[in-house]
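Student: I would like to learn how to read a protein model feature by feature. Could you take me through one slowly?

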Amino acid sequence: MASLSLSCSLPLQPPSSQLRKLIDPPTTLTPHTSRSLKPIVVCGNPPTFVSAPDRRIVAVGDLHGDLAKARCALEMAGVLSSDGRDLWTGGETVLIQLGDILDRGEDEIAILSLLRSLDIQAKANGGAVFQVNGNHETMNVERDFRYVDSGGFDECTNFLEYLDACDHNWEDAFVSWVGVCGRWKEDQKMSHNYWDPRNLVKWQKGVIARSILLRPGGPLASELARHAVVLKVDDWVFCHGGLLPHHVAYGIERMNREVSDWMRGLSEIDSCPQIPFIATRGYDSVVWNRLYSKDISNLEDYQIDQIQAILEETLGAVGAKAMVVGHTPQTTGVNCKYSCSIWRIDVGMSSGVLDSRPEVLEIRDNKARVIRSKRDTFSELQEISCRIVQVKFDSSQD
């Protein structure tokens, strides 16, 4: 398939000749629709532009190794069964996870395994699962392990042993890991005394295992390379930190391809991997940018106007109506700012971050709303402040 590099002067959507079918048109109706939908099509490798006609879209923010919270969020989103069997229940829904699955928790590979399993099931039902990589994914491929939970190192050791038990069949081992990781964790449980000499050896084994899995070209890094850092689905653009005008001018498919090549170990010169700076390094890179996630109560009016102008320029250049980002925990929950042109969906749900209630964003017919747990008990004031936020774009602006 021909490559497409989007810049400010190119059409807002890639030409249909450059799109490839992700799935065949569903042959039977699903419970979520009264008619058969057009197939999902995607452009780019990794996926960059996606057309998902008439699909329900749900977006989930940072998960940071907390499998229980991940499952809770996916159940709330209506895409995961609640019976513990990890079955896709979203029909033709498109699920998007916004990165930072790694670090601060002990079930990182299990969450990645769950999402891959759900993607396989979703495609069989007319839906799809997409992920974008965040700064913690890129940090780990750089072998920056500062934020790795001790249980995260243990999981890497256990998974390597499981991979060996599966005769190094990566696909089988990776997809099935979420179903067996709990048993392996119990089997390998040792003393909780960190200074026990056995635990020091265990930690060293974990560091080595993680390095093997996540080095550029390693099996888990190559798995992450399947995902973009910027994903445009219909009129919405999804990224971990935030997209800026110079990113679009550089070419978002080009950025995605360069990050993917780096993770696969294909960009090495003189044995040194060439890290894509514009996407993964620096305060204004795609995965680190926090410009749109700042608390505007701390900003002057002119600063707010500047940020809104940058956001509008970016959205105009990429041909999107709104952007969805994670990266910066929102203590007030999922919210939108700048005339709802930006949605911030990282709520710090992981027990390793804020241990907050899971929340997800749902998009239907260009209308967005926040899904929050119905089982939580709120005071009357909290109920008022946590009502579903919904925005509908003015059709005259299309």
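Predicted model: local features only at pLDDT ≥ 70, side-chain atom pairs only at ≥ 80, totals over all residues.

Student: How many helices and strands does the protein chain have, and what percentage of its residues count as buried?

Tutor: The secondary structure comes to 12 helices and 16 strands, and of the 398 residues of the protein chain 55% count as buried. Among the contacts with a separation of 6 or more, 67% are between residues 24 or more positions apart. The accessible surface comes to about 17700 Å², and carbon and sulfur atoms account for 50% of that area.

Student: Which residues touch the most other members of the largest nonpolar core?

Tutor: The general idea is that in soluble globular proteins nonpolar side chains tend to be buried together. Here the largest nonpolar core has 109 residues, and those touching the most other members are Phe-238, Leu-243, Met-323 and Trp-343. Leaving aside neighbours within four places in sequence, Met-323 is in contact with residues including Val-237, Leu-243, Tyr-292, Leu-311, Ile-342 and Trp-343.

Student: Turning to helices, what distance should helix α2 span, and how far apart are its end C-alpha atoms?

Tutor: Helix α2 covers residues 108–124, and at 1.5 Å a residue its 17 residues should span 24 Å; the end C-alpha atoms are 25 Å apart, which agrees. Because 13 of those 17 residues are buried, α2 is largely enclosed by the rest of the structure. Gly-126, which follows α2, has a positive phi near 90°.

Student: Which residues of helix α1 are buried, and what covers them?

Tutor: The general idea is that an α-helix has 3.6 residues a turn, so residues three or four places apart point the same way. In α1, which is mostly covered, seven of the 10 residues are buried, namely Leu-67, Lys-69, Ala-70, Cys-72, Ala-73, Leu-74 and Met-76. Their cover includes the helices α2 and α5 as well as the strands β4, β5, β14 and β15.

Student: Is Ala-73 buried or exposed, and which residues does Ala-73 touch?

Tutor: Ala-73 is found in α1 and counts as buried because its relative accessibility is 0%, where the cut-off for buried is under 20%. Not counting residues up to four places away in sequence, Ala-73 touches Val-60, Met-349, Pro-358 and Val-360. Ala-73 and Arg-372 are 299 residues apart in sequence, yet their C-alpha atoms are 8.9 Å apart in space.

Student: Now for strands: which way do the residues of strand β7 point?

Tutor: In a regular strand the side chains alternate between the two faces of the sheet. In β7, Val-230 and Lys-232 point one way while Leu-231 and Val-233 point the other way, and all are buried. Strand β7 runs parallel to β3, to which two bridges join it, and Val-50 stands opposite Val-233. With β8 the arrangement is antiparallel, with four bridges, and Lys-232 has Val-237 as its bridge partner. The hairpin of β7 and β8 has two residues between the strands, and in this hairpin Asp-234 takes a positive phi near 55°.

Student: Which side chain does Gln-131 join through a polar contact?

Tutor: Gln-131, in strand β6, counts as buried because its relative accessibility is 9%, and a polar contact of 3.4 Å joins its side chain to that of His-227.

Technical notes:
Residues numbered from 1 in each chain as written. Heavy atoms only, no water. Expected span 1.5 Å × (residues − 1). Buried < 20%, exposed > 50% of the residue type's maximum accessible area, 1.4 Å probe, protein only. Polar contact = N/O pair within 3.5 Å; in protein donor to acceptor, adjacent residues only side chain to side chain. Pairing = 2+ DSSP bridges. Core = buried A, V, L, I, M, F, W, Y, C linked by side-chain atoms within 4.5 Å. Contact = heavy atoms within 4.5 Å. Areas by Shrake-Rupley, 256 points an atom, 1.4 Å probe, with all protein chains shown as cover.
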